[in-house]
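Please open the model in your viewer and keep the selection tool at hand. The stops below follow one another, each with something to select and something to look for.

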Amino acid sequence: MANVLLARVALPQTGPAWGVLVDDRIEIVATDAGTNGGFFASLLQLPRPARALLERRRGAHTLKAADLMAAPSTATAPHLLPPIDLQEIWAAGVTYERSRVARMEETAGAETFYEKVYTAKRPEIFFKGAASRASGHNGPIRIRRDASWNVPEPEIAVLVSAHGEIAGYTVGNDVSSRDIEGENPLYLPQAKIYRESCALGPVVWLTDEEAAPVFDIAITIQRRGGVVYDGKISTASMRRSFTDLADWLFRDNPFPSGAYLLTGTGLVPEAGFTLMPEDRVSITVPRIGTLSNHVVQG
């Protein structure tokens, strides 16, 4: 059984690179300069990406993991990037009971659609963005200037290989403008897809375990030094399985570089709560780590 924690790293001298987390260090295994920026995409074309990576000869360049985890995204020193190169990011909605209730609350006149999709065979799946719209650990997440009700959505992001098989997992934050979607469900792309509306990281857990793990997800939002929201949930509360969601994503929809699929959230702040600039959102998932981001606007 192969299990690997893979990180994407910004190196000042050589540019973006990929490294394997081993104990307290990250061992660089590939650089964008040496792989034309497609190392991860190539890895996801293999039958067992985690095993192939373990068998790969590691490079001599190593970095302290703690230093990378602490470095801000604007640092000139090495720091973490979102673990993605050529993959698209998609998302599934209304996969938890709490999400169903929240979407019905925010969308006057269209409540029945979210009730129906929660129980339907076909899930709600939508495009979230490309790598250029994603942030990594310690990077910014953005709230729209034309929205007044913005929330984080802590989720498990499933990594799916080019063959449609689940190859790993990371932590995801599907930032959303609830008032825009609530005004009209057809505004969903504007509520979901914009600059830095998604965060992934801190690392991606590659695994060839056949049984889908159960993840505990915890979120904390800090504002001016105090906690203004926190919550916990388990993916055991999901109505749909990771495998089912991945299967629907790949129906008549090829992904030669693999894809990330955000699998929905069960942690939604109550009506009236909105993110503010300079808030700090931290999402923790055991075995993967903590994805922490600061909120920006404008």
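Predicted model: local features only at pLDDT ≥ 70, side-chain atom pairs only at ≥ 80, totals over all residues.

Begin by selecting Ser42, which counts as partly exposed because its relative accessibility is 41%, where partly exposed covers the range between buried, under 20% relative accessible area, and exposed, over 50%, with a 1.4 Å probe and protein chains only. Ser42 belongs to helix H2, residues 39-43; helices here are DSSP runs of H or I with at least four residues, strands are runs of E with at least two, and both are numbered from the N terminus.

Residues are numbered from 1 along each chain as its sequence is written, and side-chain values use heavy atoms, with hydrogens and water left out.

Next, turn to the rings, of which the structure holds 11 aromatic pairs; rings of Phe, Tyr and Trp (its six-membered ring) pair if their centres lie within 6.5 Å, and planes under 30 degrees apart count as stacked, over 60 as edge-to-face and the rest as tilted. Select Trp90 and Phe127, an edge-to-face pair with 5.5 Å from centre to centre and 75° between the planes. This pair links distant parts of the chain, since Trp90 lies in strand S6 (residues 88-93) and Phe127 in strand S7 (residues 124-129), 37 residues apart. Trp90 is buried, at a relative accessible area of 17%, whereas Phe127 is partly exposed, at 30%. A second pair to select is Tyr229 with Phe273, which is tilted, with 6.1 Å between the centres and 35° between the planes. Here Tyr229 sits in strand S16 (residues 226-234) and Phe273 in the loop between strand S17 (259-262) and strand S18 (280-285), 44 residues apart, and both Tyr229 and Phe273 are buried.

Keep Phe273 in view and select Asn150, whose contacts include Phe273, Thr274 and Leu275, leaving aside residues up to four places away in sequence; contact means heavy atoms within 4.5 Å. Asn150 is found in strand S10 (residues 150-151) and is buried, with a relative accessible area of 2%. Its side chain makes a polar contact with the side chain of Ser177 at 2.8 Å, a polar contact being a pair of N or O atoms within 3.5 Å, where within protein one must be able to donate a hydrogen and the other to accept it, and residues adjacent in sequence count only if both atoms are side-chain atoms.

For the last stop, select Arg251, in the loop between H9 and S17, which is partly exposed at a relative accessible area of 40%.
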